[in-house]
Amino acid sequence: ARGRTARHRCTGLHLNHLDLQITCCLKHRQVKTDPMTGTGGSRRILLEIFYDVVSPYAWLGFEVMCRYRNVWNVEVRLRPGFLGGIMKESGNQPPAMVPKKGAYMVKDLQRLAKYFQVPLRQPKDFFEVVIKKGSLPAMRFVTAVDMEHPEFVEPVSRELWKRIWSTDEDITMPDSILSVAQKAGLPGTQAQHLLEMTGTALVKDRLKQTTEEAIKYGAFGMPTIVAHVDGQPHMFFGSDRFELLADLLGEKWLGPVPSGEKSRL
């Protein structure tokens with residue numbers, strides 16, 4: 001009897017020890033896999049990119065962020081906003097509104113298209129397409145997509161950019177937007193529903209809210225990239241600050257198309 005009691009006590013102690021080990025392992029595993037706690041060796045830093053498809057420079061930044069999300073230890077969050085609202089609030093002007101900047105922009109985009117491997121081609125009637133028509137209907141649609149089917153935000157945004165900045169086609173009319181949705185893989189019934197949502201206060205307010213968030217971070221144009229490091233937001237403007245972003249993150253900048261990452265264009 002004494003032998004059995006002793007064995008039971010030993011077994012109980014052994015099981016308690018195992019329970020403690022399992023509990024510790026589970027806690028340790030939770031810490032390592034939590035992307036935003038800021039603790040553990042596998043912590044992923046949040047990068048938000050605020051963008052509008054009316055901006056060709058935002059397209060460049062968008063593609064680089066999509067390429068580097070599997071290279072750097074980061075979580076990339078796509079934030080569709082409205083560039084027109086940011087420009088108005090900040091008092092900024094499009095580069096093309098200044099004649100010499102506009103002339104330089106034409107050549108600059110040609111160089112950048114080759115370097116970033118993005119098929120940028122300036123619309124024939126820049127002022128009609130970019131300044132007059134703008135992108136508000138398109139960005140409301142992307143916002144609706146983000147709210148209902150966020151997995152399609154990336155392909156829908158890319159197809160809108162390709163339409164306005166590569167094939168010089170409209171992105172404001174309902175048929176144009178539905179064509180984009182189809183190419184992005186959205187089922188027709190869902191696309192029609194999302195298009196109807198663009199006229200609701202819910203979508204309009206969401207787009208306005210995202211734009212205001214960018215402004216609070218200090219945005220005066222797009223793309224605006226915000227890196228959340230050690231509980232602090234660090235804002236970067238444009239598509240030519242990736243070396244500085246990499247330095248902040250403690251990562252390496254490997255060029256616009258890092259090895260192993262193929263262009264989706």
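**Figure 1. Confidence of the predicted model.** This is a predicted model, in which local features need pLDDT of at least 70 and side-chain atom pairs count only at pLDDT 80 or more, while totals for chains, interfaces and linings use all residues. Residues are numbered from 1 along each chain as its sequence is written, and side-chain values use heavy atoms, with hydrogens and water left out. The average pLDDT (the predictor's confidence in each residue, from 0 to 100) of the chain is 87, and 83% of the residues score at least 70. Residues 5-41 have a pLDDT below 50, and this stretch has 12 contacts (heavy atoms within 4.5 Å) in the model beyond near neighbours in sequence. Where pLDDT is low, the predicted coordinates should not be read in detail.

**Figure 2. The largest pocket.** Its volume, the space filled by probe spheres set on grid points joined across faces, edges and corners, is about 830 Å³. A pocket is an open set of points on a 1 Å grid over the protein atoms alone, where a 1.4 Å probe fits, with protein on both sides within 12 Å along at least five of seven lines; lining residues have an atom within 4 Å of a point. The lining has 33 residues, and Ser55, Tyr57, Pro94, Pro95 and Met222 are the closest to the pocket centre. Helices (DSSP runs of H or I, at least four residues, numbered from the N terminus) that give two or more residues to this lining are H2 (56-68), H3 (83-90), H4 (99-116) and H5 (126-133). By class, the lining has 19 nonpolar (Ala, Val, Leu, Ile, Met, Phe, Trp, Tyr, Cys and Pro), five charged (Asp, Glu, Lys and Arg) and nine polar residues (the others, Gly among them).

**Figure 3. The second largest pocket.** This pocket has a volume of about 290 Å³. Phe82, Gly85, Leu207, Lys208 and Thr211 are the closest to its centre among 13 lining residues. At least two lining residues come from each of H3, H6 (136-148) and H10 (201-216), and H10 gives the most, with seven. The lining comprises seven charged, four nonpolar and two polar residues.

Figure 4. Just after H5, Gly134 has a positive phi of about 70°.
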